[in-house]
Amino acid sequence: MDFNGRSGEMDVFVTVAREGSLSAAARALGLTPSAVSRIIARTEQRLGTRLLLRTTRAITFTAEGEAFLRGARRILADMAEVEEAIADQGVPRGRLRVSAALGHGRLAIVPLVAAFSARYPNIVVDLTLGDEVVDILGGQADVAVRFGHLPDSPLTARRIGDTGQVVVASPEYLQRHGTPQEPEDLLRHNCLRFNFRRAEPNWPFIRDGREFSLKVSGNIECSSGEALAQLARVGAGIARIGEFTVSEDLQRGDLIPLLEAWNPGDREPIHAVFVGGSAMPARVRLFVDFLLEHHRM
């Protein structure tokens with residue numbers, strides 16, 4: 001790498017900050033400590049201010065040095081992103097970090113990742129399944145698949161589908177406790193509920209064209225739709241879950257849909273969320289386009 005230009009100076013400065021000393025930075029860059037020192041001195045001379053305070057034990061940054069470090073990191077990251085986006089236009093490659101909810105990811109995203117990887121073998125898909133919200137702007141993921149209405153943010157979102165909700169119970173549970181005939185009957189049943197922050201505490205229904213909600217209760221709460229479906233299958237109670245989670249259970253008869261005449265038909269949007277813009281790597285654009293084309297919910 002050419003360390004004579006301004007980007008080279010920034011790279012040296014950022015490496016010194018990361019490694020903690022001039023000698024460690026020199027080893028990382030394949031330079032001598034005196035060469036690193038000269039580059040830092042040249043930068044300081046050009047800027048007309050001290051950036052580092054060096055002692056025999058450690059280095060510290062001046063206020064100007066801290067400001068230069070923040071700017072250098074941002075500029076180098078932007079340069080790398082632009083070069084990466086241009087370089088992979090011909091043959092898309094590199095690591096693509098994808099985040100998806102546990103249940104939906106297993107049922108809907110994993111099969112799509114397999115098909116996407118077969119089409120683009122030079123892209124390494126790094127898939128993380130979990131119900132926590134990752135920080136895309138902070139670099140924790142390139143694409144996140146998220147449910148529900150999204151808050152305002154500088155991120156780009158593309159709607160890839162939606163899903164409804166269904167109230168279900170196992171034949172065994174209904175045989176033991178009876179089948180609710182109208183929503184208010186749920187007040188006498190053990191209702192399995194979500195415990196995460198954005199979960200609605202009440203279950204919505206509709207009667208004579210008017211929507212209303214019912215505050216249900218039960219002795220089990222959980223963050224995972226798949227876990228609630230499993231609990232419902234073994235007869236622990238009645239659950240209200242996304243259709244995609246229990247579609248196979250409903251087809252097999254392991255779970256029975258309840259109160260369908262009162263189902264409000266509410267749909268929850270599913271979005272692919274990512275950092276857009278002209279510097280977006282081709283692998284991100286290709287994956288989002290693939291989700292738009294093949295996602296079936």
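In this predicted model, strands β5 and β13 (residues 267-274) pair in the antiparallel sense over five bridges. Within that pairing, Ala-144 stands opposite Val-273 of β13. Strand β5 also pairs with β3 (residues 94-100), here in the parallel sense and over three bridges. In this second pairing, Val-98 lies opposite Val-143 of β5. The two pairings of β5 are set out below.

| Partner of β5 | Sense | Bridges | Residues opposite each other |
|---|---|---|---|
| β13 (residues 267-274) | antiparallel | five | Ala-144 and Val-273 |
| β3 (residues 94-100) | parallel | three | Val-143 and Val-98 |

Five of the five residues of β5 are buried, so the strand is largely enclosed by the rest of the structure. Val-143, Val-145 and Phe-147 point one way from β5, while Ala-144 and Arg-146 point the other way.

The loop between β5 (143-147) and β6 (156-169) contains Asp-152. Is Asp-152 buried or exposed? Its relative accessible area is 83%, so Asp-152 is exposed. Its C-alpha atom is separated by 28 Å from that of Val-110, a residue 42 positions away along the chain.

The axes of α1 (residues 6-19) and α2 (residues 22-29) come within 8 Å and cross at roughly 120 degrees. The crossing angle therefore makes α1 oblique to α2, and α1 passes α2 in a right-handed crossing. Residues of α1 in this contact include Val-12, Thr-15 and Val-16, and those of α2 include Leu-22, Ala-25 and Leu-29. The contact residues divide into seven nonpolar, one polar and three charged.

Note on methods. Residues are numbered from 1 along each chain as its sequence is written. This is a predicted model: local features need pLDDT of at least 70, side-chain atom pairs count only at pLDDT 80 or more; totals for chains, interfaces and linings use all residues. Side-chain values use heavy atoms; hydrogens and water are left out. Helices (H or I, at least four residues) and strands (E, at least two) are DSSP runs, numbered from the N terminus. Buried means under 20% relative accessible area, exposed over 50%, partly exposed in between (1.4 Å probe, protein chains only). Two strands pair if DSSP finds at least two bridges between them. Axes are lines fitted to C-alpha atoms, for helices over the stretch in contact, and angles run from 0 to 180 degrees between N-to-C directions. Angles under 35 degrees count as roughly parallel, over 145 as roughly antiparallel, 65 to 115 as roughly perpendicular and the rest as oblique. A crossing is left-handed if the near helix is turned anticlockwise from the far one by less than a right angle, and right-handed if clockwise. Contact means heavy atoms within 4.5 Å. Ala, Val, Leu, Ile, Met, Phe, Trp, Tyr, Cys and Pro count as nonpolar, Asp, Glu, Lys and Arg as charged, and the others, Gly among them, as polar.
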